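Open the model in your viewer and keep the selection tool at hand. The stops below say what to select next and what is there.

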Amino acid sequence: GSSAAHLVEVYTQQGKVVLVGMGSEQLLLPATLLTCKEVDLLGSFRYCNTYPLCISLLSSKRVDVAPMITHRFAFSPTGVAQGFDTAARAAQTGAIKVMFELQQQEQQQGEQQQEGQTATQ
């Protein structure tokens, strides 16, 4: 059986079992044992409530993440494909954090719109 099922089997009455992070999509558990022992089963996604702290650290510049960004790609079909391939092959590419340049695309779109307005005037 699974590790979670084993925990339910060995755990005491009225305890709590917490599943942290991403596990397999399906989990086989002894439902009768869960009920008889009155075990609480809780799921916790590992990133829950971390974004406000991260945003605060980044905006205050107390953490410099620039050295962790190893690769940058255009936000385009080709760039996205290259970025995901680079991330998937991190052992070969040395990728730590792959970023997509959204501002570059927005800036190009803005320039194209301005060119179009100038041409019609």
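Select F75, F84 and F100: ring pairs link these residues into a cluster. Rings of Phe, Tyr and Trp (for Trp, its six-membered ring) pair if their centres lie within 6.5 Å; planes under 30 degrees apart count as stacked, over 60 as edge-to-face and the rest as tilted. A pair of aromatic rings is described by the distance of the centres and the angle of the planes. The model is predicted, so local features need pLDDT of at least 70 and side-chain atom pairs count only at pLDDT 80 or more, while totals for chains, interfaces and linings use all residues. Residues are numbered from 1 along each chain as its sequence is written, and side-chain values use heavy atoms, with hydrogens and water left out.

**The ring pairs**

A search of the whole structure finds two aromatic pairs. Begin with F75 and F100, an edge-to-face pair at 6.4 Å centre to centre, with 70° between the planes. This pair links distant parts of the chain: F75 is in the loop between β3 (69–74) and α4 (77–88), and F100 is in strand β4, 25 residues apart. Helices (H or I, at least four residues) and strands (E, at least two) are DSSP runs, numbered from the N terminus.

Colour the rings by accessibility next. Buried means under 20% relative accessible area, exposed over 50%, and partly exposed in between (1.4 Å probe, protein chains only). F75 is partly exposed, with a relative accessible area of 40%, and F100 is partly exposed at 24%.

F84 counts as exposed, at 55% relative accessibility.

Which strand holds A74? A74 is found in strand β3. Draw a distance from its C-alpha to that of F100: A74 and F100 are 5.5 Å apart in space and 26 residues apart in sequence. A74 is partly exposed, with a relative accessible area of 36%.

R72 is found in strand β3. Not counting residues up to four places away in sequence, R72 touches M99 and E101 (contact means heavy atoms within 4.5 Å).

**Helix α4: T86**

Select T86, which has its place in helix α4. Is T86 buried or exposed? T86 is buried, with a relative accessible area of 9%. Leaving aside neighbours within four places in sequence, T86 is in contact with H71, F73, T93, A95 and V98.

**The largest pocket**

Show the surface and select Y47, T50, Y51, C54, I55, L58, V65, M68, I69, I96, K97 and M99, which line the largest pocket. α3 (51–59) and β4 (97–101) are the elements that give two or more residues to this lining. α3 gives the most, with four residues.

The largest pocket has a volume of about 370 Å³. On a 1 Å grid over the protein atoms alone, a pocket is an open set of points where a 1.4 Å probe fits, with protein on both sides within 12 Å along at least five of seven lines; lining residues have an atom within 4 Å of a point. Grid points are joined across faces, edges and corners, and a volume is the space filled by probe spheres set on the points.

**Helix α1**

Move to helix α1 (residues 3–10) and select A4, A5 and V8, which are buried. Seen down the axis of α1, the buried residues fall within an arc of 100°, so they line one face of the helix; the arc is that of the directions from the helix axis to the C-beta atoms. These buried residues pack against β1 (16–20) and α2 (31–37). The face turned away from the buried side of α1 carries the exposed residues S3 and V10.

**The whole chain**

Finally, clear the selection and show the cartoon. The protein chain has six helices and four strands, in the pattern α-β-α-β-α-β-α-α-β-α along the sequence. Of its 121 residues, 13% count as buried. Among contacts with a separation of 6 or more, residues 24 or more positions apart account for 59%.
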